[in-house]
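Good morning, and thank you for joining. Please take a moment with the sequence and the model before I go through the metal site, the sheet and the aromatic pairs.

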Amino acid sequence: MGRTSMTRRYRFCAAHRLHTHHLSEEENWAVFGKCNNPNGHGHNYVVFVTVSAVDEGGSSSVVSLDELDRIVADRIITRFDHHDLNLDPEFVSKTTTGENLVLLIWDLLVTQLPAGQLRKVGVIETRDNYFEYSGPAPVGAHS
Ligand code: NI
């Protein structure tokens with residue numbers, strides 16, 4: 001049986017620099033290229049949040065659009081918009097790649113929504129780069 005879902009789009013602008021302390025300056029440049037530029041650079045990130053459109057758990061309620069907007073604003077937009085991602089506490093020891101960002105956003109949202117509600121998180125970083133993750137549970141991939 002098919003399942004229906006609802007996807008809502010959000011946006012934030014943030015700066016970052018791809019760099020890891022685990023590598024030397026030369027190795028960082030070799031791996032990340034111009035994204036390793038010490039001055040950093042910005043992206044207009046687009047975040048897609050997909051939630052169940054119906055209550056499939058039988059016990060939890062379906063999140064309303066207003067509630068979803070409030071949660072995303074509180075947990076994601078306020079935290080990242082016009083910030084330097086490299087200064088975020090969760091990125092102290094992790095590189096600010098799209099993969100790590102989508103995992104962090106998943107974890108920040110999944111604990112705020114009724115169980116089973118969050119289906120998928122997608123992040124557009126550049127015109128040609130899109131990252132996505134779908135649960136089931138908190139990843140805990142970040143420190
Ligand atoms: Ni970048």
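I begin with the spacing of the donor residues of the nickel ion, which reads H-x24-H-x1-H in sequence. The residues concerned are His16, His41 and His43, each coordinating the nickel ion through NE2, at 2.0 to 2.1 Å. Donors here are N, O and S atoms within 2.8 Å of the metal, or 3.2 Å for Na, K and Ca; water is not among the atoms, so sites may look incomplete.

A word on the source: this is a predicted model, in which local features need pLDDT of at least 70 and side-chain atom pairs count only at pLDDT 80 or more, while totals for chains, interfaces and linings use all residues. Residues are numbered from 1 along each chain as its sequence is written, and side-chain values use heavy atoms, with hydrogens and water left out.

His41 is partly exposed at 23%, whereas His43 is buried at 12%.

I turn to the sheet. Five strands form an open sheet with mixed pairing, in the order S3-S1-S2-S4-S5. The edge strands, S3 (83-84) and S5, each pair on one side only. Strands (E, at least two residues) and helices (H or I, at least four) are DSSP runs numbered from the N terminus, and two strands pair if DSSP finds at least two bridges between them. S2 and S4 (residues 118-124) run antiparallel and are joined by six bridges. Within S4, Gly122 is the bridge partner of Phe48.

Two helices pack on this sheet. H2 touches S1, S2 and S3, and its direction makes about 15° with that of S1. H3 touches S1, S2, S4 and S5, with its direction at about 145° to that of S4. The axes are lines fitted to C-alpha atoms, for helices over the stretch in contact, and angles run from 0 to 180 degrees between N-to-C directions.

Next, the aromatic residues. How many aromatic pairs does the structure hold? There are four. Rings of Phe, Tyr and Trp (its six-membered ring) pair if their centres lie within 6.5 Å; planes under 30 degrees apart count as stacked, over 60 as edge-to-face and the rest as tilted.

One of the four pairs is that of Phe12 and Tyr45, which is stacked, at 5.0 Å centre to centre and 25° between the planes. Phe12 lies in S1 (residues 5-16) and Tyr45 in S2 (residues 41-52), so this pair ties together parts that are 33 residues apart in sequence. Phe12 is buried at 1%, and Tyr45 is likewise buried at 1%.

Trp106 and Tyr133 form an edge-to-face pair, because their ring planes stand at 80°, with the centres 5.3 Å apart. Trp106 belongs to H3 (residues 98-110) and Tyr133 to S5 (residues 130-133), 27 residues apart. Trp106 is buried at 0%, while Tyr133 is partly exposed at 24%.

Finally, ring pairs link Phe80 with Phe12 and Tyr45 into a cluster. Phe80 lies in H2 (residues 65-80) and is buried, at 0%. Leaving aside neighbours within four places in sequence, the contacts of Phe80 include Phe12, Leu85, Leu101 and Leu108, where contact means heavy atoms within 4.5 Å.

Technical notes. Buried means under 20% relative accessible area, exposed over 50%, partly exposed in between (1.4 Å probe, protein chains only).
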